[in-house]
Amino acid sequence: MNGTLAITRYTLLELSRRRLLLVFAIIGVLGIALLGIGLRILYGLITSNPSRGGFGDTRLSTDQLNKIIETLFVSELFSALSIFALLIAFGIGMTAIYHDLDSGAAVSIFSKPVSRLAFATGKVIAAVAVLVAIVGVLALESRFVMFLFGGGLENELWLEVLAIVANSVVAMLIVLALSTWVNNIVAAVIAFVYIIVVEGVVSYIHTLTDQGVINNDIVKYVFDGLYWLVPHQLSSSAIRDVALASAQLQTQGGGPGPGAGVPPASGAGDIVWWAFTVLFFAVLVYYSVRRRQV
Amino acid sequence: MAPVVSVKDLRKRYRRNDPWAVDGVSFELEPGQAFGLLGPNGAGKSTVVKVIAGLIRPDGGSVSLFGLDPGNPAARVELGFSPEDPDFPKFLRAGEVLDYFASLLGLDDTERKRRIPETLAFAGLDQERRQVRQFSKGMKQRLGIAQAILGRPKLLILDEPTADLDPLGRRDVRALIDRLKESGVAILLNSHLLSEVELVCDTVAIMAKGHVLKEGTMAEVVPEGRNLEDVFVELIQGSGPKRDDLPSFISDEGNKP
């Protein structure tokens, strides 16, 4: 237990001094601030223009326009938070264990009376804590920026942040495990291909076969199987809520009706699968550290 | 008296088709004994000490450290290990590295407060405020020795401990080894500096290509009137094909422009 705590404590200290993570965090903070302020300025320009338009022939009230700008901000915010969280997850995953192994620091650490399990556990705890802390700061900032628009979608923000952190933890564990076997840049590339390309394609085709867009039985069976070999991206009800809120406002303004194809929130099955993948990749991190000869 | 380290017929290779890095090495180390492990580059000395320190697994034979498997963390409680080319978490300062390792050793707050400043002072790093990534090789070597003695080990393994040290640093390490030997600490020293080994070690083993060529007390290995370097060169040259001393373009007088 002492070993795990010591590894966690000093990994936290090390990660807090890494410039790469600091740069990602600063870019995230500035990006969210610029997004909010930019949309607010845009809103100001539209409301100051007496000939401001609406959807179709109907002009929007100030409240409706305010709400649309907020929903636009929140949906852009979700995308930005996902990207920054993934970047930070990769940044932590590439460095938390790899630098100790690559520099030779692990030789001195492993010659002390500390087990590989304590080492892997301490590293994972510290990595998750830093990820949660940085994404938490970005989420808090987002919450404050939402005040610029009057608020009303706060619950959606917190739910989506939870989903983003959950997805990023899986990505980070994959990079952590791979970086004990191969160079950390190679590990990041493999993880990127697996998480973004393979998982993305498999999930997309699986959705199409589920919805009956693709009717080929062989494709359906193959992708039903492959779907359970990749992590599933969790999503909250927030994206759907925001899309529906936006569509509702646009309909009031004479715009198009609620759009189809908005993904629903992840169900219990997806959450159980997420927990399994986290456990699986955490065990893989431990196994990789245990097998590693330094 | 139970040996601190017992190595029996140790074998290790890094890949299936590689030659054995260590092949059939056996020796024991008693408390208070200073044992020198000598050999040319690639002889397998560092592999032996890494197996003893629990860093790599043997492929054959057996190794016990304080009567336990070195892979068991409990076996390493009284081990101090200063690796060759030591390195540390690069964003930490020297004091933080020692505090980190003191935590891994399970030292309480009182002991940490007492030992860390004294150890830093011994290593000449007490005034150093930079992070490890800005340290020179010599400073890392000093920190490597400092972390190795922090837990007051009963076995101290020093792998090329003076390679990057200045003459004063070397003298300090020699004095440290003498002092620890007197207090009953067993020392396992890997070094290319044969004069240094001759000064501090009671017993030596000379290795080449994974085998021990000669082992015994210093008096047994080095006959009277000779020195360790002569014996070492003779054994190593006798164990392999004869090499030309210099490239022909340097040794051939007739080719001078």
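Colleague: Which residue of β2(B) does B:V5 stand opposite?

Modeller: In this predicted model, B:V5 faces B:L29 of β2(B). The two strands involved are β1 (residues 5-12) and β2 (residues 22-29) of chain B, which pair in the antiparallel sense over six bridges.

Colleague: With which strand does β1(B) pair over five bridges?

Modeller: That strand is β4 (residues 60-65) of chain B, and the sense of the pairing is antiparallel. Within β4(B), B:S64 is the bridge partner of B:S6.

Colleague: What describes two packed helices?

Modeller: The description rests on the angle between their axes and the distance between the axes. In chain A, the axes of helix α7 (residues 154-179) and helix α8 (residues 184-210) come within 8 Å and cross at roughly 140°. Angles over 145 degrees count as roughly antiparallel; α7(A) and α8(A) are therefore oblique to each other. The crossing in which α7(A) passes α8(A) is right-handed.

Colleague: Which residues of α7(A) and α8(A) meet?

Modeller: From α7(A) come A:A171, A:I174, A:V175, A:L178 and A:S179; among the residues they meet in α8(A) are A:A187, A:I190 and A:Y194. The residues of this contact divide into ten nonpolar, two polar and no charged.

Colleague: How is the size of an interface often given?

Modeller: It is often given as the accessible area lost when the parts come together. Here the contact can be described by its residues: 24 from chain A and 29 from chain B. On the side of chain A that touches chain B, α1 (2-16), α4 (98-103) and α5 (105-110) each give two or more residues. α1(A) gives the most, with six residues. That side of chain A divides into ten nonpolar, nine polar and five charged residues.

Key. Residues numbered from 1 in each chain as written. Chains lettered and ligands numbered in written order. Predicted model: local features only at pLDDT ≥ 70, side-chain atom pairs only at ≥ 80, totals over all residues. Contact = placed C-beta atoms within 7 Å. Helix = DSSP H or I, 4+ residues; strand = E, 2+ residues; numbered from the N terminus. Nonpolar A, V, L, I, M, F, W, Y, C, P; charged D, E, K, R; others polar. Axes fitted to C-alpha atoms, helices over the stretch in contact; angles between N-to-C directions. Parallel < 35°, antiparallel > 145°, perpendicular 65-115°, else oblique. Left-handed = near helix turned anticlockwise from the far one by under 90°. Pairing = 2+ DSSP bridges.
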